[in-house]
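Subject: Structure handover

Hello,

Here is the structure I said I would pass on. My notes on its charge pairs and on one helix contact follow below it.

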Amino acid sequence: MPRHTLTIKLQRRGVNMADCCKVFIAVDGSKCSDNAVKWYLTYVYQPKHIVTIGHVTEQNYLPTLGYKDTVNAFKEASEHAKEVEKRYTKMLTDAGIPKDKMKFELERGDPGPMTVDMITKSEAEIAVMGSRGHGPMTKMVLGSVSDFVVKHSPIAVCVCKDAHHGNCK
């Protein structure tokens with residue numbers, strides 16, 4: 001989407017990109033998240049922006065897992081979160097965003113509601129996130145984090161879909 005088209009759509013929602021300073025980008029480490037960050041850097045980024053990258057680690061332990069398996073699941077999730085932070089911090093730094101204009105937030109829990117909470121706490125004026133482009137049946141069974149965030153976010157959310165839906169894993 002060209003910058004002028006985005007600007008017009010955001011102005012209809014009451015967001016003026018010239019005045020916008022705080023941006024929240026939700027990431028999960030997927031190719032779709034990479035694409036959303038690249039899209040933001042190409043079409044939206046302005047030097048005065050303060051960017052918060054938010055990542056939610058799902059609590060995917062099961063009562064049937066033993067203690068050792070649960071501990072291992074938490075360790076894997078923590079290692080993944082560190083990799084995600086490193087990757088997106090590097091993407092922003094490589095794009096010329098100074099470290100004092102970015103921060104990384106990590107939460108644990110259900111990705112949809114936690115992302116909305118993170119957006120609210122960040123006091124951002126616009127949010128950007130990727131979408132895996134699941135079909136209607138998968139959405140019905142698994143739900144969609146991006147749909148949830150769009151419906152419940154207090155601010156405008158730009159959802160960046162991959163050109164080849166479903167190729168984001």
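**Salt bridges and a helix contact**

Asp-94 and Lys-90 are both exposed. Please keep in mind that this is a predicted model.

The two residues form a salt bridge, in which the closest N and O atoms are 2.7 Å apart. Both belong to helix α3 and are separated by four residues, about one turn of the helix.

How many salt bridges does the structure hold? There are three. In general terms, side chains of opposite charge can pair when their charged atoms come close.

Another of these pairs is Asp-34 with Arg-87, where the closest N and O atoms are 3.1 Å apart. Is Asp-34 buried or exposed? Its relative accessibility is 16%, and because buried means under 20%, Asp-34 counts as buried. Arg-87, at 34% relative accessibility, counts as partly exposed.

There is also a salt bridge between Glu-123 and Lys-22, with the closest N and O atoms 3.5 Å apart. This pair links distant parts of the chain, 101 residues apart: Glu-123 is in the loop between α4 (111–122) and β4 (126–131), while Lys-22 is in strand β1 (residues 22–27). Glu-123 has a relative accessible area of 55% and is exposed. Lys-22 counts as partly exposed, with 30% relative accessibility.

The helix contact is between α4 and helix α6 (residues 145–152), whose axes come within 8 Å and cross at roughly 40 degrees. How are α4 and α6 oriented to each other? Angles under 35 degrees would count as roughly parallel, and perpendicular starts at 65, so α4 and α6 are oblique to each other. The crossing of α4 past α6 is right-handed.

Which residues of α4 meet α6? On the α4 side they are Pro-111, Gly-112, Pro-113, Thr-115, Val-116 and Ile-119. Their partners in α6 are Val-145, Phe-148, Val-149 and His-152. By class, this contact of α4 with α6 has seven nonpolar residues, three polar ones and no charged ones.

Regards

Methods: Residues are numbered from 1 along each chain as its sequence is written. This is a predicted model: local features need pLDDT of at least 70, side-chain atom pairs count only at pLDDT 80 or more; totals for chains, interfaces and linings use all residues. Side-chain values use heavy atoms; hydrogens and water are left out. A salt bridge is a side-chain nitrogen of Lys or Arg within 4 Å of a carboxyl oxygen of Asp or Glu. Helices (H or I, at least four residues) and strands (E, at least two) are DSSP runs, numbered from the N terminus. Buried means under 20% relative accessible area, exposed over 50%, partly exposed in between (1.4 Å probe, protein chains only). Axes are lines fitted to C-alpha atoms, for helices over the stretch in contact, and angles run from 0 to 180 degrees between N-to-C directions. Angles under 35 degrees count as roughly parallel, over 145 as roughly antiparallel, 65 to 115 as roughly perpendicular and the rest as oblique. A crossing is left-handed if the near helix is turned anticlockwise from the far one by less than a right angle, and right-handed if clockwise. Contact means heavy atoms within 4.5 Å. Ala, Val, Leu, Ile, Met, Phe, Trp, Tyr, Cys and Pro count as nonpolar, Asp, Glu, Lys and Arg as charged, and the others, Gly among them, as polar.
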